[in-house]
Amino acid sequence: MHLGITLSQFLADEQRRNGSVPADLQTLLNQVAISCKLISNAVNQGALAGVMGNLESENVQGETQKQLDVITNEIFLEVNEQSGQLAGMASEEMEDVYQIPKHCIKGKYLLVFDPLDGSSNVNVNISVGTIFSVLRHEGTASHPAAADFLQPGTRQVAAGYALYGSSTMLVITVGSGVFGFTLDRNIGEFVLTNPNMTIPADTKEFAINASNQRFWEAPVQRYVAECVAGKTGPRGRDFNMRWVASMVAEVHRILVRGGIFMYPKDTKDPSKAGKLRLMYEANPMSFIVEQAGGMSSTGRQRILDIQPEGLHQRVPVILGSRNEVEVVVGYHAE
Ligand code: AHM
Ligand code: MG
């Protein structure tokens with residue numbers, strides 16, 4: 001019987017090949033994978049578990065929390081605090097840094113995550129995901145503060161996402177390419193199915209929430225208008241459009257067949273620079289996209305270069321196939 005390469009086998013091999021995943025990071029990533037398996041089970045249960053509704057509570061960004069947002073956040077915290085590799089965690093669902101409890105062994109990494117991205121899709125049975133980013137705890141404090149997490153995306157040591165779709169997948173980078181694993185439920189292991197994922201440089205597919213069109217800035221207005229104009233317009237070819245409203249699903253589609261994803265700056269709410277959060281959405285996804293040969297920008301700046309100012313800071317996001325992202329960035333520069 002041919003058993004593929006499991007995640008833990010892959011991580012050990014990566015360390016031998018590139019020295020990019022020391023043993024403590026392997027332990028942490030294996031633990032993250034366990035939390036994603038548990039979240040996959042919770043999501044898969046659907047309405048059977050009776051947890052599809054909204055809660056009375058709002059998260060720190062004023063968004064209504066779903067029961068599953070809270071449950072999946074707890075799964076991620078409980079499983080990963082036991083890894084022995086973490087100095088602290090931060091999440092979309094918690095205002096402040098989560099301190100590792102006294103009874104757990106501490107380590108030198110920081111874990112930032114969105115436990116259930118795209119959760120507005122969960123009760124209509126459309127794909128959702130988990131996004132995570134791993135940083136080093138450079139400080140000496142045993143209780144890391146938010147400031148310890150505020151490192152530019154270039155300092156990430158690992159990032160990834162789990163996609164709970166028609167199959168459950170885990171896609172990760174440790175800075176030496178992007179690798180996709182599919183959960184084999186028969187053996188309970190993530191098995192390497194998509195080695196060296198690369199984003200085609202060209203694409204004819206764009207993803208944007210067009211209901212925000214009246215709030216977009218001129219460069220995005222121009223780019224989308226030119227895509228929509230198709231063959232007879234300035235781009236001279238027809239484009240297709242997708243919008244799942246689940247960033248993990250959109251990024252995964254782009255990794256598999258190319259495309260450009262935009263949640264740009266808009267004037268809908270002038271107090272927000274964008275919708276997506278830098279630390280646990282834009283940065284990990286940008287690390288993955290760049291490692292797959294794509295490009296990721298706010299339109300004006302490389303996302304990974306941004307010096308974060310807050311755990312829940314929002315940024316405009318334009319990412320995907322390099323040549324198309326370059327066109328949008330060029331329009332911003334004009
Ligand atoms: P969430 O973390 O609260 O689920 O919000 C993030 C999601 C992304 O997955 C997706 O790209 C975007 O919000 C969709 O937003 P909209 O509903 O405005 O189209
Ligand atoms: Mg999210």
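## Interface between domain 1 and domain 2

About 2900 Å² of area is buried between domain 1 and domain 2, and carbon and sulfur atoms give 64% of this area. The model is predicted. The size of an interface is often given as the accessible area lost when the parts come together.

The protein chain is divided into domain 1, residues 7-194, and domain 2, residues 205-333. Between the C-alpha centres of domain 1 and domain 2 the distance is 23 Å. On the domain 1 side, 49 residues are in contact with 31 residues of domain 2.

One salt bridge is counted between domain 1 and domain 2. Glu 92 forms a salt bridge with Arg 277, with 3.5 Å between the closest N and O atoms.

The elements in the table each supply at least two residues of the side of domain 1 that touches domain 2.

| Element | Residues |
|---|---|
| Strand S3 | 86-91 |
| Strand S5 | 109-117 |
| Strand S6 | 128-136 |
| Helix H4 | 146-149 |
| Strand S7 | 158-164 |
| Strand S8 | 168-173 |

S6 gives the most to this side of domain 1, with seven residues. By residue class, the side of domain 1 that touches domain 2 divides into 25 nonpolar, 18 polar and six charged residues.

Conventions
Residues numbered from 1 in each chain as written. Chains lettered and ligands numbered in written order. Predicted model: local features only at pLDDT ≥ 70, side-chain atom pairs only at ≥ 80, totals over all residues. Heavy atoms only, no water. Domains from an automatic or database assignment. Contact = heavy atoms within 4.5 Å. Buried area = accessible area lost by both parts, 1.4 Å probe. Salt bridge = Lys/Arg side-chain N within 4 Å of Asp/Glu carboxyl O. Helix = DSSP H or I, 4+ residues; strand = E, 2+ residues; numbered from the N terminus. Nonpolar A, V, L, I, M, F, W, Y, C, P; charged D, E, K, R; others polar.
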